Amino acid sequence: MASSKNILKMENITMQFGGVVAVDNLSLEVNEGEIVSLIGPNGAGKTTAFNVVTGVYAPTNGAVWFNGNKIVENHPRRKMKKLYAGKDKTVFNGHLEPTPDKITKLGIARTFQNIRLWKSQTVFDNVLIAKHLRRTSNVFSATFRLNWKEEKKQREETAELLKILGLYDVKDELCTSLPYGLQRRLEIARALATNPTLLLLDEPAAGMNPQETADLTDFIRRIRTDFHLSVFMIEHHMDLVMDISDRIYVLNFGALIAQGTPDEIQNNPDVIAAYLGEAEEDTDFSDKPYAEEEEAE
Amino acid sequence: MENTNKKRDLFIGFGLLALLFIVLVILEQTVRPTSILFTVLKKGAIYALVAVSMNLLNGFTGLFSLGQAGFMLLGAYTYAIFTIPVEARAQVYQYFDGGAIQFTLPVIVAMILAGLVAAFFAYLIGLPVLHLKSDYLAIATLGFAEILRAIFQWDKLGVITNGSNLLRKYPVFKTSTFYFAISGICIALIVLLINSTYGRAFKAIRDDEVAAEAMGINLAHHKRMAFTISSFFAGISGALLAMFQTTIQASQFKSAMTYEILLIVVIGGIGSVSGSCISSFLFIACSEWWLRFLDNANLNFTSIQILRPGFRKVVFSVVIMCIVLFYQKGIMGDKEFSIKGIAGFFKKLKSKRNK
């Protein structure tokens with residue numbers, strides 16, 4: 001929108017598990033400052049696409065570029081190498097060996113479809129631990145508290161982040177004792193603590209009621225401007241998606257079937273067919289909930 | 001307010017530690033040195049250290065490893081080999097022409113070296129095995145410990161390890177304050193590590209590996225670090241054990257030893273340093289001292305026919321089963337021993353009574 005510089009570019013990504021093609025030749029771009037959504041029926045390969053970007057899976061084919069640097073490419077031997085990966089290299093030299101931690105260090109943070117907080121930790125510690133990756137201390141200086149300045153700064157930053165996101169009042173509570181909506185918010189807070197420039201949200205509104213969803217919409221907008229983020233998200237709530245997205249990509253059976261602004265997507269016959277089923281065929285029951293939401297639009 | 005409270009707690013904690021040491025010194029002056037009390041205290045201190053080091057791995061990093069006896073063996077042997085006086089070597093290595101090593105290191109240097117050797121081997125074995133999950137890691141490390149035990153009894157290495165014969169005549173410390181000081185320092189270091197940013201990362205790995213990796217924590221690096229550090233302290237406790245026993249032999253570092261340590265960790269509470277310390281003293285006291293009377297059919301006042309040598313082990317097992325049944329999370333759970341906690345406990349008791 002505002003700037004055309006793309007921050008994330010997926011190029012011909014194909015991800016195959018045995019005979020199943022989960023993602024089929026997917027190419028997409030996220031520009032700086034944009035909120036881009038990836039939608040599609042269940043099992044369309046959205047989360048797999050996320051996992052390719054974050055280095056969980058090595059793609060069967062294709063490459064991912066972040067800020068103009070190639071961060072992921074098809075690398076059949078990667079899995080073997082990962083097991084014996086040596087020192088922590090922030091810059092990929094020579095060949096790419098992306099692991100999720102390296103990708104996060106580059107500035108891509110993510111949340112999970114099913115909340116994955118560190119369950120035995122307090123709200124404060126959950127965010128504080130996420131600051132670990134920006135450390136400059138080694139294990140000796142950390143043990144003997146020679147890094148107390150950094151530690152203090154991390155704690156201050158964490159407190160500030162929690163204040164901005166409205167979680168400061170519950171900072172000493174165990175994260176599992178929070179209500180569902182706040183746990184989601186905490187997961188986003190934790191992702192923000194890693195100082196990302198691109199935030200990947202995997203179904204942030206899953207299981208939320210309409211009021212919570214509306215709050216979340218404002219929340220995502222706010223953090224986008226406050227933290228100068230680009231947001232790339234997977235979502236099923238069509239209200240949220242149509243309201244917030246600058247652009248939308250639609251996946252079906254791993255393949256991209258449409259892309260464009262929310263208005264274009266809403267009127268695209270292919271998308272309607274994918275969600276509602278073809279007129280002649282009987283509809284697939286698994287698509288039903290989304291069909292209803294589409295009608296609600 | 002919060003800060004002053006913290007400072008006060010720290011102050012009281014140090015005060016209690018100082019008190020403990022004073023009591024220990026007084027005990028050493030008054031009780032006769034052959035008393036079983038000192039055996040329990042020394043062995044308890046050693047086991048506390050190794051239990052805490054195992055807890056660092058099992059309780060705080062979530063790596064289920066059973067190699068602790070192997071790393072203790074490495075530490076014990078390293079200490080013994082490098083500190084036997086040169087003039088005593090001919091006698092100790094009588095079947096191997098006095099052995100290959102003909103120099104001695106100062107005690108403290110040898111102890112640190114014991115830890116480093118254990119850590120080095122842990123690093124090497126960690127490269128291939130640390131990507132294994134839970135039970136498989138336990139099997140691999142257990143196997144490693146058993147292999148070490150076999151290798152150290154191998155005749156061909158006899159010039160260094162003295163084969164399957166005893167190592168002895170190395171310097172030992174008789175005072176239990178020494179054991180307390182060394183293991184106290186080591187446990188303090190582990191606690192400092194656990195509360196540092198790295199310790200928090202370990203806990204994150206324990207709670208959710210996938211999330212930890214997604215938040216930028218390098219799993220391989222951190223797991224290897226926890227494994228190496230844990231083995232370092234296991235090595236030092238091995239050196240302490242060598243001193244305590246005055247002689248060592250590879251055949252005593254059986255997997256049963258690892259299970260004993262694991263039992264201490266579980267009884268104390270997985271994820272609680274103070275739990276491990278408390279339970280190691282209780283464990284050693286029970287197995288060495290308090291249940292001794294069960295081995296003897298003729299008590300002072302009466303004689304019970306069912307009591308016979310070995311009977312204490314039966315009772316001991318029952319006691320352990322009861323503890324595991326009634327305290328499923330161990331004595332301390334994953335909480336730490338704290339002044340605040342005790343104060344809270346008494347307050348609760350009081351309010352209950354008032355009701």
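**Exercise 1. How many helices and how many strands does the secondary structure of chain B come to?**

Before you start, note that this is a predicted model, in which local features need pLDDT of at least 70, side-chain atom pairs count only at pLDDT 80 or more, and totals for chains, interfaces and linings use all residues. Residues are numbered from 1 along each chain as its sequence is written, while chains are lettered from A and ligands numbered from 1 in the order in which they are written.

*Step 1.* Count the elements: chain B has 15 helices and zero strands. Helices (H or I, at least four residues) and strands (E, at least two) are DSSP runs, numbered from the N terminus.

*Step 2.* Turn to overall form. With a radius of gyration of 22 Å, close to the 20 Å that the globule rule gives for 355 residues, chain B is as compact as a globular protein of that length. The radius is taken over C-alpha atoms, and the rule is 2.2 Å times the number of residues to the power 0.38.

*Step 3.* Along the principal axes, the C-alpha atoms of chain B fill a box of roughly 75 × 65 × 40 Å.

*Step 4.* Of the 355 residues in chain B, 43% are buried. A residue is buried if 20 or more other C-beta atoms lie within 10 Å of its own, exposed if 12 or fewer, and partly exposed in between, with C-beta atoms placed from the backbone.

**Exercise 2. Describe how helix 8 and helix 11 of chain B pack.**

*Step 1.* Two packed helices are described by the angle between their axes and the distance between the axes. For helix 8 and helix 11 of chain B, the angle is about 170° and the axes are 11 Å apart. Axes are lines fitted to C-alpha atoms, for helices over the stretch in contact, and angles run from 0 to 180 degrees between N-to-C directions.

*Step 2.* Helix 8 of chain B is therefore roughly antiparallel to helix 11 of chain B. The classes are: under 35 degrees roughly parallel, over 145 roughly antiparallel, 65 to 115 roughly perpendicular, and the rest oblique.

*Step 3.* Look at the residues that meet: the helix 8 side includes B:Tyr179, B:Cys186 and B:Ile190, and the helix 11 side includes B:Phe233, B:Ser237 and B:Phe244. Contact here requires C-beta atoms, placed from the backbone, within 7 Å.

*Step 4.* By class, this contact has ten nonpolar, two polar and no charged residues. Ala, Val, Leu, Ile, Met, Phe, Trp, Tyr, Cys and Pro count as nonpolar, Asp, Glu, Lys and Arg as charged, and the others, Gly among them, as polar.

**Exercise 3. How many residues does each chain bring to the contact between chains A and B?**

*Step 1.* Chain A brings 31 residues and chain B brings 26.

*Step 2.* Helix 9 of chain B gives the most to the side of chain B that touches chain A, with seven residues.

*Step 3.* That side of chain B has 14 nonpolar, six polar and six charged residues.

**Exercise 4. Trace the six-stranded sheet of chain A.**

*Step 1.* This open sheet has the order 6-7-8-3-9-10, with mixed pairing. Two strands pair if DSSP finds at least two bridges between them.

*Step 2.* Strand 6 (108-110) and strand 10 (255-260) of chain A stand at the edges with a single partner strand each, so one side of each is left without a neighbour in the sheet. From one strand to the next, the twist averages 20°.

*Step 3.* Strand 7 (residues 198-202) and strand 8 (residues 230-234) of chain A run parallel, joined by five bridges; A:Leu198 has A:Ser230 as its bridge partner, and A:Leu200 has A:Phe232.

*Step 4.* Strand 6 and strand 7 of chain A also pair in the parallel sense, over three bridges, with A:Ile108 opposite A:Leu198.

*Step 5.* Five of the five residues of strand 7 of chain A are buried, so this strand is largely enclosed by the rest of the structure. A:Leu198, A:Leu200 and A:Asp202 point one way, and A:Leu199 and A:Leu201 the other way.

Methods:
Two residues are in contact if their C-beta atoms, placed from the backbone, lie within 7 Å.
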